[in-house]
Amino acid sequence: MTKYVINGGKPLHGEIEISGAKNAAVAIIPAALMVDGVCRIENLPEISDVKTLLHILKEMGAKLRVVDKRTLDIDCSRIGTSHATFDMMRRIRASYYIIGALLGRFGRADVAMPGGCNFGGVRPIDQHIKGFTAMGANVKVRNGIVSAVTGDGLRGATIYLDVVSVGATINLMLGAALAQGITIIENAAKEPHIVDLANFLNSMGADIRGAGTSVIKIRGVKRMSGGFYSIIPDQIEAGTYMAAVAGAGGRVLIKDVIPKHLEGISGKLREMGVTIVDLEDSIIVQRDAPLLRTHIKTMPYPGFPTDMQPQISTVLCLAEGTSTVTEGVWDNRFKYVDELAKMGSFIRVDGRTAIIEGVPYLTGAPIKASDLRAGAALVIAGLAAHGRTVIEGVNYIERGYEKMTQKLSSLGADIKIIFERDEPRFKKKIV
Ligand code: EPU
């Protein structure tokens, strides 16, 4: 089993670069399935979720060509199947975007129900199904397989989402891009990766307006041809390193970010006594004074992101007084709290709220990541703690963070990867 070993208590100093956004990349790669030509995608993060999706596309007949470390040409012009390999699909959540892409392109799709991080609650796709049904698809879920069929392709419709869902907004945008007529998605999610996907599709020839607001209008086009696109920086990766500096102390220049996307996170860190200086495409994070308590509720963008909830809760374990963190997006995302307790934290979870009593310090311990962001939170705890922390389950972290141990080491952290032979790592070369 691969583990991270951290000798904590060292403040972080220096500069790091942020990679391309995971949640944009995992939408843009399936979107390439709809393009009749070569898409050149730049700033792809080197993470295992991206590798899994590229593998799925390759198995479907896509031609992939590496241009450089972060740039890939994807040519799906010869794909003739509406069926995606079930085994790989079950590994990641974002594989459900293949439903929208295939429905848009072929008018039918057979894909496995998505897998991905399980942070404790149910992850339904009823809003995706409701939207595709309104667009004329007959959707059935049987034995873990989603089968969606249309007569002669999707037709535009007006769809009101009952919950603000990133996944449903993206999936319906994909389907609608090549549908007949106009689709309007109301109560749409507004996350930066939704805007990024719309920009990608538009640069390939789609006609999408309003992404980033709660009403998105998509005029279906007959064909999308190739083009170039560069993925936005990862807001959550940047936020995670901001939280790491807040937890461990120090001063770090975080480069290649869009400060506007980080406003929700920066605002709360400032309340906690952390200095944040916004520059044009980078930020400085500095923490050299005691942390202050605060109260946070996660919400869809532009609110405080749920994908930063475990990391910020971990930092609040070290703030004087009582803080509360309420999860406003997912039913249950507090599995990591039991692991933090092994390090001396005091967190009580009452429904969707964590009540955090600050302690002067955490102590290193053997702990286990249960999902991607929980894993990132445990790394922050290890960096801030006195003594040695050994983290298992790091394959979750590598799904979404590119070279986390190298980036942290470059900031002066004492963090090492211990490889053990029986870990089922994704070593296979994709292209
Ligand atoms: N929901 C429904 N029905 C649906 C879809 C969602 O009830 O059909 C509910 C969910 O149960 C949840 C809420 O709506 O309570 C929001 O879910 P959403 O659909 O927005 O989540 P998602 O698309 O499955 C994406 C990110 C998550 C992130 C959420 C919220 C990707 C691949 N995943 O998930 O990211 O937490 O949006 O921002 O984009 C992560 O990166 O660690 C991660 C989990």
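View 1. At 1.5 Å a residue, the 13 residues of H12 should span 18 Å, and its end C-alpha atoms are 19 Å apart, which agrees. The expected span of a helix is 1.5 Å times one less than its number of residues. Helices (H or I, at least four residues) and strands (E, at least two) are DSSP runs, numbered from the N terminus. The model is predicted: local features need pLDDT of at least 70, side-chain atom pairs count only at pLDDT 80 or more, and totals for chains, interfaces and linings use all residues. Residues are numbered from 1 along each chain as its sequence is written, and side-chain values use heavy atoms, with hydrogens and water left out. Because 13 of the 13 residues of H12 are buried, the helix is largely enclosed by the rest of the structure. Buried means under 20% relative accessible area, exposed over 50%, and partly exposed in between (1.4 Å probe, protein chains only). At the start of H12, a side-chain oxygen of Asp371 comes within 3.1 Å of the backbone nitrogen of Arg373.

**View 2. The ligand and its shell.** A polar side-chain atom of Arg373 lies 2.8 Å from an oxygen atom of the ligand. For Asp307, a polar side-chain atom is 2.6 Å from an oxygen atom of the ligand. A nitrogen atom of the ligand lies 2.8 Å from an N or O atom in the side chain of Asp126. Taken alone, the ligand exposes 830 Å², and the protein buries 90% of that; accessible areas come from the Shrake-Rupley method with a 1.4 Å probe, and for residues only the protein chains shown count as cover. Helices H1 (22–31), H5 (126–134), H6 (166–177) and H12 (372–384) are the elements that give two or more residues to the shell. Of the 25 residues around the ligand, Gln127, Ser165, Val166, Asp307 and Val329 come nearest; a residue counts as near if one of its heavy atoms lies within 4 Å. The shell divides into 12 nonpolar, 6 polar and 7 charged residues. Here Ala, Val, Leu, Ile, Met, Phe, Trp, Tyr, Cys and Pro count as nonpolar, Asp, Glu, Lys and Arg as charged, and the others, Gly among them, as polar.

**View 3. Lys22 in helix H1.** Lys22 has its place in helix H1 and counts as buried because its relative accessibility is 11%. Leaving aside neighbours within four places in sequence, Lys22 is in contact (heavy atoms within 4.5 Å) with residues including Asp49, Asp234, Leu372 and Arg373.

**View 4. Thr353 in strand E20.** Thr353 is found in strand E20 (residues 353–357). The side chains of Thr353 and Thr326 are joined by a polar contact of 3.0 Å. A polar contact is a pair of N or O atoms within 3.5 Å; within protein, one must be able to donate a hydrogen and the other to accept it, and residues adjacent in sequence count only if both atoms are side-chain atoms. Not counting residues up to four places away in sequence, Thr353 touches Thr324, Val325, Thr326, Phe334 and Arg348.

View 5. A cis peptide bond, with omega about 10 degrees, joins Tyr301 and Pro302. Pro302 lies in the loop between strand E17 (295–297) and helix H10 (309–316). Asn143, which is not a glycine, has a positive phi of about 50 degrees. Asn143 is in the loop between strands E7 (138–142) and E8 (145–149), and counts as exposed at 76% relative accessibility.
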